[in-house]
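Thanks for passing this one along. Here are my notes for when you have the model open.

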Amino acid sequence: MLNKVNREIPDDILKEKNYKPFETTEIGNPETTYVAHQVRVSQGDDKLVDSIPEVIEKTGLKNGMTISFHHHFREGDFVFNMVMQEIINEGFQDLTLAPSSLTNVMNDMVIKAIKAGTITHITSSGMRGSLGDFISHGGLKDPVVLRSHGNRARSIENGDIKIDVAFLGVPNSDPVGNANAIHGDAVFGSMGYSLMDAKYADKVVLLTDTIMPYPNTPASIEQTQVDYVVKVAKVGDPDKIGSGATRFTKDPKELKIAEMVNQVITHSQYFKDGFSFQTGSGGAALAVSRYLRKSMIEKNIKASFALGGITKPTVDLLEEGLVNKILDVQDFDKGAAASMANNENQQEIDSSWYADPYNKGAAVNQLDVCILSALEIDTKFNVNVMTGSDGVLRGAIGGHQDAANAKLTIISAPLVRGRIATVVNDVTTVVTPGDSIDVLVTEIGVAINPKRKDLIEALKNVPGVPVYTIEELQKRAEAIVGKPEPLEFTDRPVALIEYRDGSLIDTVYQVKD
Amino acid sequence: MEIKHTALAGTLESSDIQFTLSKGTGVEINLDSQVEKQFGKQIKKVITDLLSEYGIENVNVRAVDKGALDCTIKARLIAAIQRATDTQNQPNWEVLG
């Protein structure tokens with residue numbers, strides 16, 4: 001059947017997997033029940049384990065179970081490959097892999113585990129590179145389920161994802177499992193996503209290269225949650241965990257977009273003392289923080305908080321007193337990760353606090369301004385951050401659907417990338433519904449969602465901000481690159497895109513080659 | 001017009017296309033493009049149209065495309081043709097016009 005963003009969702013998937021088609025971005029006030037997890041009672045003296053094979057045995061891992069990992073080590077992760085290799089070696093079959101996301105460094109091992117029959121189901125925020133290619137060519141029988149960070153938190157709480165064993169790499173821990181990510185060799189700052197696994201998995205295993213004396217504080221993961229602690233040689237490569245010093249873009253196109261994004265923000269009703277924002281990473285988004293800083297100083301406006309994935313430029317605003325608090329679910333660079341140890345106003349938050357639609361109120365609900373990116377955006381303002389111009393999986397939902405519920409959601413994207421139009425008639429894959437997008441900013445001008453009459457009024461005479469309809473921008477893009485041939489897919493689904501409330505918003509099919 | 005020797009034009013930078021023209025029998029186009037699925041046919045059409053405007057009937061065309069627009073494709077191919085036919089100093093104004 002057709003869902004509310006006009007995507008055909010196969011009836012057998014709705015039925016077999018017990019899905020509802022996407023209806024609305026409104027969450028309302030439904031009642032829900034969280035699941036409980038098993039507890040193996042311990043006095044704490046039996047937690048330290050010598051090796052990965054030994055800890056796998058102790059957790060009681062069995063065929064058919066669900067295992068989880070986090071992606072905070074990003075491209076510097078050693079833990080996933082270490083643990084997964086051992087699980088493959090021991091011949092486990094039919095496991096569900098439920099990490100917070102999958103980074104490129106994990107790709108080869110996931111493919112190996114699928115080929116060995118060890119992994120038969122996957123749920124993730126996204127996937128890229130060789131794994132995205134493998135899945136998009138039909139490498140896994142069961143479609144991958146893709147969820148936003150907030151939706152993963154929701155799914156863990158309500159039992160849609162029931163984690164049997166969580167293997168969580170940490171830069172330090174004491175022998176009973178008090179751990180944080182702000183000290184040690186492989187610091188990554190906020191442990192945001194992994195905190196859900198620590199709270200809800202039946203068995204929680206920490207892997208670390210640095211054992212601290214008891215009690216190790218501050219403790220982000222607490223001893224009450226942890227079953228076992230394993231000492232390994234190295235949990236990650238510090239140079240690959242986050243990018244080094246964040247450099248501002250010199251790309252004139254990105255700078256122009258950033259300047260225009262700033263104009264949109266500062267001319268909106270939300271730009272006043274105490275406003276809040278999320279910028280994310282990426283060239284234009286980072287440059288926005290520089291323009292925003294200048295505007296805040298000029299107008300004597302301070303932000304109450306900055307949210308989300310945090311970068312050094314955001315920390316600089318905190319230290320300068322232009323931002324009062326940072327709510328930090330993950331850190332994108334070394335500067336942001338390192339400052340967590342020193343700034344008491346840089347608050348670590350878990351992914352439920354960050355973005356969960358089904359709790360008693362998440363930080364995204366308090367958010368005024370949010371800047372997000374897009375691979376594609378269509379004339380209905382629907383956004384694709386998942387499939388590339390060849391239809392292959394190459395992205396992640398991340399917090400996109402969640403943060404898009406800000407009062408002013410801005411998509412910053414170039415009109416075209418090379419020969420590929422960013423503004424199109426219909427996106428390949430709908431990830432974030434157009435209903436939650438307010439303004440698109442490109443290098444030639446902006447388009448405002450017609451339902452935001454207030455913004456159309458506020459932005460109608462801003463110098464340097466030409467306003468177009470989104471149809472006009474689509475035509476401009478097509479005039480530059482030409483009309484592409486439609487992509488060809490088979491009728492076999494390879495990935496299901498959930499909306500943050502767990503309804504089905506789109507289906508990704510196997511590509512035809 | 002005849003291809004006199006192998007010639008190259010263009011780079012492998014993003015949004016560019018690199019042509020290598022060499023002697024051949026008939027027109028043979030070997031296209032490697034990042035946007036083959038969406039624009040492969042269109043790119044080949046630009047190439048064959050331009051070759052026939054120059055009256056080139058025997059050539060091996062190797063094109064490595066990094067998402068170039070049609071105008072770039074034409075410019076690079078004209079450069080490659082003139083180099084391969086030693087006509088850099090006698091531009092074909094009818095085609096260029």
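1. By class, the side of chain A that touches chain B has six nonpolar, three polar and six charged residues.

2. A word on the basis: this is a predicted model, in which local features need pLDDT of at least 70, side-chain atom pairs count only at pLDDT 80 or more, and totals for chains, interfaces and linings use all residues. Residues are numbered from 1 along each chain as its sequence is written, chains are lettered from A in the order in which they are written, and side-chain values use heavy atoms, leaving out hydrogens and water.

3. The rule also finds three salt bridges across this interface, taking a side-chain nitrogen of Lys or Arg within 4 Å of a carboxyl oxygen of Asp or Glu. Lys37(B) and Asp513(A) form a salt bridge at 3.6 Å, N to O.

4. In contact terms (heavy atoms within 4.5 Å), 15 residues of chain A meet 13 of chain B. Gly418(A), Arg419(A) and Glu485(A) supply 55% of the area that chain A buries against chain B (accessible area, 1.4 Å probe, lost on being put together, summed over both parts).

5. Turning to chain A itself, nine of the 10 residues of helix 6 (149-158) are buried, meaning under 20% relative accessible area (1.4 Å probe, protein chains only). Helices here are DSSP runs of H or I, at least four residues, numbered from the N terminus. Gly159(A), with a positive phi near 90°, follows helix 6.

Key
Buried area = accessible area lost by both parts, 1.4 Å probe. Nonpolar A, V, L, I, M, F, W, Y, C, P; charged D, E, K, R; others polar. Buried < 20%, exposed > 50% of the residue type's maximum accessible area, 1.4 Å probe, protein only. Helix = DSSP H or I, 4+ residues; strand = E, 2+ residues; numbered from the N terminus.
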